[in-house]
Amino acid sequence: MKHLLVYMKGYRREAVLAPLFKLLEATLELLVPLVISSLIDQGIGNRDTGYVLRMCGTLIALGIVGLLFSVTAQYYSAKAATNFIKKVKYALFEHIQKLSYSEIDQHGASTMITRMTSDMNQVQTGVNLTLRLLLRSPFVVFGAMIMAFTIDKKMALIFAVMIPVLCVIVFAIMLAGIPMYRKVQKKLDDLLFITKENLEGVRVIRAFCKEDGERKRFRSQNHSLTESQLYAGRISALMNPLTYIVVNAAVIVLLYTGALRIQGGLLTQGAVVALYNYLSQILVELLKMASLVITITKSIASGNRIYEMLSDGGNEENQQNMAEKVEKSSGEDDDFIRLDHVSMSYAGAGDESLTDISFSVKKGETVGIIGGTGSGKSTLVNLLPCFYKADRGSVTIDGVDVQDYRVEELRERFGVVPQRAVLFKGTIRSNLAWGKADATDEEMMEALELAQISDYVSQEDIGLNHRVEQEGKNFSGGQRQRLTIARAFIRRPEILILDDSASALDFATDARLRKAIREMDYHPTTFIVSQRTSSIQFADKIIVLDDGRAVGIGTHEELLKTCEIYREIYASQFKEEKAS
């Protein structure tokens, strides 16, 4: 948690003024019992109406000034806490953008969402309350005890005995409750994961009629969370009755002893009332302190989780000088992209997803990648823009290892159409602008035409400003795919990756799309991942993958002669196409 305090820089003035004004308010609060004591003994005891009115005016003035101090402290603490957490949120979000695919997979989306939301709110609450109460509560407790000793040393011994007993109760309950609240937070994370999983997979759940099973799973996890919260709540609920028992016992002793000392002429009635008020102040502040410590503990735990994510990974950006390495590339005739004995496995996976892959590609060539489900096709193309890093071997572009590029410089060379079409809430125009921020309407329409969707967008009631709902839910699967293809085309990338991006298109549209790519006025190096041999048969080079290994590399005609797996795929699809 202390590592996050660097983001408090710039708000040190607020961090100092907030507790300062709270201490001023607490000082005025400690003066109130003395004023009441004087009002009773001198004003009421002597029937001095003027004195009573003056003391009442003093109490009102103390209340007003104390309120102003409190509001000022609240303002500064809220300002410091909200601006502090704003910086932390920005830093975490920026850090998440730099995480590699493997690091994102390792953390999980639900965990990152929890860190950005509930953990951030917990830290903000902790900082706010710390600035307001961390100094105030101990100040009032010890200040009240000191003031009690100034009134009557013998009566103050009651405070000296009561405060340690109260502290033992408060901190014992707190120490017992903190581990329980940690378990509650962990179960809350698990419940959030189930909720997110169900929302994302709602279509699959309904398709397989698993609603009842998922309801039972959610109910079970929710019940477990509720039981943990109730158990932790019961432990925390012991605090009030136990502390009130101690305080009420002290009040009984205080009133009884005070009555005897008043009867003996050793103490005044106003002094007993003042001591009772100090006793009440101590009780309130100790309860506040206990609640504050629990909140701070939760905040520290949340802050540590946030810092763990901030300090984990995010090292994609390599600041080595790329220019020296590029000079080693010796010209246009050299291989543009080369994979040399590349192997790669996902974190936690037992087997390698890719094993000993080697091939080279020249500028402007089209490479087709085909294979069965799980053969490593998407993994292979994800190595090129360094979304994932190879465990062994090297991936080079222009003779430079992709891990030695700056991330922005590397990714600017690519146009990627992912396997799952992703659109962002906004308009067609705003989504295309992801590919090129300053693109003109003409450039956008040209990209849409290449992607075979310009006819749809050109309709009178559609257009570039047509609304796109979250994840493009108001478009069909084929429309989403073509819009993501247009987004990649508009930046005119040097390297184009189409990762099974035409799976939702019919054969005729797919054929027109491939023809448009071949007839582009510039010739990007293109990687086409597909399950269809018809989509890649005109590629300059086809790579056939099977269980993570390249079992065939060559042209369509060559592979029909030399690669049995490719022949089987082609034969099965050719028969299907003939039959259709």
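Author: The answers below go through aromatic pairs, charges over rings, cysteines, nonpolar cores and a sheet. Please keep in mind that this is a predicted model.

Reader: Good. How many aromatic pairs are there?
Author: The count comes to six aromatic pairs. In one of them, Phe21 and Tyr76, the ring centres are 6.3 Å apart and the planes meet at 20°, so the pair is stacked, the limit for stacking being under 30 degrees.

Reader: Where in the chain do Phe21 and Tyr76 lie?
Author: Phe21 is in helix H1 (residues 12-44) and Tyr76 is in helix H2 (residues 49-98). They are 55 residues apart, and the pair thus links distant parts of the chain.

Reader: Are Phe21 and Tyr76 buried or exposed?
Author: Both Phe21 and Tyr76 are buried. They also belong to a cluster linked by ring pairs, together with Phe69 and Tyr75.

Reader: What about Phe424 and Trp434?
Author: Those two rings form a stacked pair, with 4.1 Å from centre to centre and 0° between the planes. Phe424 sits in the loop between strand E6 (414-417) and strand E7 (426-427). Trp434 sits in the loop between helix H14 (428-432) and helix H15 (441-450), ten residues apart from Phe424.

Reader: And why does Trp434 count as exposed?
Author: Trp434 has a relative accessibility of 55%, and exposed means over 50%, so Trp434 falls in that class.

Reader: Turning to charges, which ring does Arg532 sit over?
Author: The charged end of Arg532 sits over the ring of Phe507, 4.6 Å from its centre. Arg518 lies over the face of Phe538, and there the distance to the ring centre is 5.4 Å.

Reader: How many disulfides does a search of the whole structure find?
Author: The search finds zero disulfides. As for individual cysteines, Cys386 is buried with a relative accessible area of 7%, and Cys563 is buried at 4% relative accessibility.

Reader: Which residues touch the most other members in the largest nonpolar core?
Author: They are Ile428, Leu432, Leu448, Phe489, Ile542 and Tyr566, in a core of 40 residues. Elements that give two or more residues to this core include H14, H15, helix H17 (477-489), strand E11 (541-546) and helix H21 (564-579). H17 gives the most, with five residues.

Reader: What does Tyr566 touch?
Author: Leaving out residues up to four places away in sequence, the contacts of Tyr566 include Ile370, Ile542, Val544, His556 and Leu559. There is also a second, separate core of 38 residues, with Ala144, Ile169, Leu267 and Ile282 among its members.

Reader: How many bridges join E1 to E2?
Author: Five bridges join strand E1 (residues 337-344) to E2, and the two run antiparallel. Val342 stands opposite Ile357 in E2.

Definitions and conventions: Residues numbered from 1 in each chain as written. Predicted model: local features only at pLDDT ≥ 70, side-chain atom pairs only at ≥ 80, totals over all residues. Heavy atoms only, no water. Pairing = 2+ DSSP bridges. Helix = DSSP H or I, 4+ residues; strand = E, 2+ residues; numbered from the N terminus. Phe/Tyr/Trp six-rings, centres within 6.5 Å; stacked < 30°, edge-to-face > 60°. Buried < 20%, exposed > 50% of the residue type's maximum accessible area, 1.4 Å probe, protein only. Lys NZ or Arg CZ within 6 Å of the ring centre and 35° of its normal. Disulfide = S-S within 2.5 Å. Core = buried A, V, L, I, M, F, W, Y, C linked by side-chain atoms within 4.5 Å. Contact = heavy atoms within 4.5 Å.
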